[in-house]
Amino acid sequence: MSVSPFESTLAMLIRQRGVLGCLVVGEADGIVVDANVQVGIQSNVIAALAAALYRKARLCSAAAGLSTVGFLQLEAERGHVCAIGRDGLVLVTLAEPRAHIGRIRGAMIESLSVLT
């Protein structure tokens, strides 16, 4: 049985209060590379959404001369989708509306090195 290089990072993120799931997805295609999500979370849908948002934000940011995208957050009525990427991979966290996004953001930024 092989262990994913993302397993410990995903396990740490899922323990953050209010986190419903975390995934590593391919930026280009939105395919799930690895995930740790609660039952009932549609990981493929979240992966596709996050990859598309992150890819478009990165391309638009570069076109506008703003350099690289650091952290992307989508806030919706029923929760948050947070994304951070590097080298064609995107680390995604799905969180409840009441989640402390600052703590989640900090944990995701600390974990960014796992994507290389």
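## Helix α1

In α1 (7-14), the buried residues are T9, L10, L13 and I14, where buried means under 20% relative accessible area, exposed over 50% and partly exposed in between (1.4 Å probe, protein chains only). They cover an arc of only 130° around the axis, so they sit on the same side of α1; the arc is that of the directions from the helix axis to the C-beta atoms. An α-helix has 3.6 residues a turn, so residues three or four places apart point the same way.

The cover over the buried residues of α1 includes β1, β2 (32-37), β5 and α3, with contact meaning heavy atoms within 4.5 Å. Helices (H or I, at least four residues) and strands (E, at least two) are DSSP runs, numbered from the N terminus.

## Basis of the model

This is a predicted model, in which local features need pLDDT of at least 70 and side-chain atom pairs count only at pLDDT 80 or more, while totals for chains, interfaces and linings use all residues. Residues are numbered from 1 along each chain as its sequence is written, and side-chain values use heavy atoms, with hydrogens and water left out.

## Helix α3

Helix α3 (residues 101-111) has I101, I104, A107, M108 and S111 as its buried residues. Seen down the axis of α3, these fall within an arc of 125° and therefore line one face of the helix. R103 and E110 are exposed, on the face of α3 turned away from its buried side.

Among the elements covering the buried residues of α3 are α1, β1 (19-26), β3 (72-76), β4 (79-86) and β5 (89-95).

## Loop residue G65

G65 lies in the loop between α2 (43-63) and β3. G65 is exposed, at a relative accessible area of 61%. Its C-alpha atom is separated by 33 Å from that of V19, 46 residues apart along the chain.
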